[in-house]
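Have a go at each task before you read its solution.

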Amino acid sequence: MAKKRPQTKAKRPQLTDGEVPVVGAREPCPCGSGRRYKACHGRAAAHAVTELVRRPFEGLPGECDWVALRELVPAATVQLTLRDGLPEGVPSLTLATVLPMAWPALRRDDGSVLIGLQNDTASGDISRDLADTLQRALQAEPGTPVQGRRAPADGPRLQDLLDLQAPFEPVVHDGFEFWVPDAENATPEVAASLERANAAAIPTVRLQGVEAAYWCRTPEKNHLRWVMPHPEEQLLDALARLHAAGRSGLGEGTRLVGSFRAHGLTVPVWDLPSGMSAQDVEKPAAEFAERLAEALAVQAPLTTEERRARSGLTNRQVTLS
């Protein structure tokens with residue numbers, strides 16, 4: 001039998017967590033401990049990757065709209081403002097729902113930057129992943145897309161990079177012409193690609209009278225999907241009170257059909273008649289917002305009928321994220 005080598009303790013390099021490079025899980029940890037990476041410094045990295053941040057957009061202006069653009073809206077853009085201002089050579093920074101080829105980001109020929117929101121992320125913190133993409137896009141060569149990667153566990157989040165005092169004002173588009181600077185003079189190939197993308201997009205309109213409410217049209221019926229900032233349990237109680245009282249609708253032929261969770265927020269959904277436009281629902285939505293505010297202020301326990309209504313709403317609730 002081969003003789004066992006005597007165990008000697010190697011002097012460990014003094015590396016901080018931020019200095020340890022990412023290696024294969026079964027490879028020796030670069031810190032010199034003698035253990036595999038996954039059992040040493042990789043343990044913290046793995047935890048950071050899998051730990052889900054329930055409300056990744058909390059603290060950002062327009063949190064409800066961030067959720068809507070991530071989950072509901074096909075084509076929209078928002079001008080973003082950095083806390084320290086744009087670097088030289090970057091004339092603008094735009095958040096987009098989706099980019100061509102599902103690129104995480106794109107640095108255009110003129111130096112402007114577009115960041116895609118509806119992309120798969122490598123960790124449980126969308127905000128950190130987007131911040132990493134944003135930083136790399138600002139430094140990318142003009143005319144190149146930015147590929148996805150796993151963001152460093154100690155990297156900044158959007159809340160660290162963006163100006164939290166700047167308004168967040170989504171612009172919903174009928175199609176994806178914002179992908180190219182001059183869509184009218186696009187090549188036949190680009191025009192065909194835009195046509196295919198536009199054909200798959202559900203017509204969507206953001207209401208003007210209330211926050212983060214989006215009307216959309218489908219072949220069977222129209223819908224209103226409204227991202228709300230209120231605590232879930234309080235909101236469901238309020239919706240149940242209104243539903244039991246027959247006051248949860250948005251006019252004749254409309255119906256509150258349930259809700260879903262997305263990124264820590266609750267999104268009630270209404271069915272609307274196919275002939276009801278976004279403009280038609282503006283006034284009913286504003287009136288509903290007043291009724292909801294009154295119901296949210298009620299502290300009394302739910303009645304039997306209200307509990308039944310709440311059970312029906314929660315049974316139809318779906319979690320998207």
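**Exercise 1.** Work out whether Trp66 is buried or exposed, then classify its ring pair with Phe57.

*Solution.* Start with accessibility: Trp66 comes out at 1% relative accessibility, so it counts as buried (buried means under 20% relative accessible area, exposed over 50%, partly exposed in between, with a 1.4 Å probe and protein chains only). Phe57 is buried too, with a relative accessible area of 1%. Now the geometry: the ring centres of Phe57 and Trp66 sit 5.3 Å apart and the planes meet at 20°, so this pair is stacked. The rule here is that rings of Phe, Tyr and Trp (its six-membered ring) pair if their centres lie within 6.5 Å; planes under 30 degrees apart count as stacked, over 60 as edge-to-face and the rest as tilted. Finally, zoom out: ring pairs join Phe57, Trp66 and Phe168 into a cluster.

A quick note on the source: this is a predicted model, where local features need pLDDT of at least 70 and side-chain atom pairs count only at pLDDT 80 or more, while totals for chains, interfaces and linings use all residues. Residues are numbered from 1 along each chain as its sequence is written, and side-chain values use heavy atoms, with hydrogens and water left out.

**Exercise 2.** Which strands pair with β1, and over how many bridges?

*Solution.* Strands (E, at least two residues) and helices (H or I, at least four) are DSSP runs, numbered from the N terminus. Two strands pair if DSSP finds at least two bridges between them. Take β6 (residues 171–172): β1 pairs with it in the antiparallel sense over two bridges, and Thr77 has Val171 as its bridge partner there. Then take β2: three bridges join it to β1, again antiparallel, with Thr94 in β2 as the bridge partner of Gln79.
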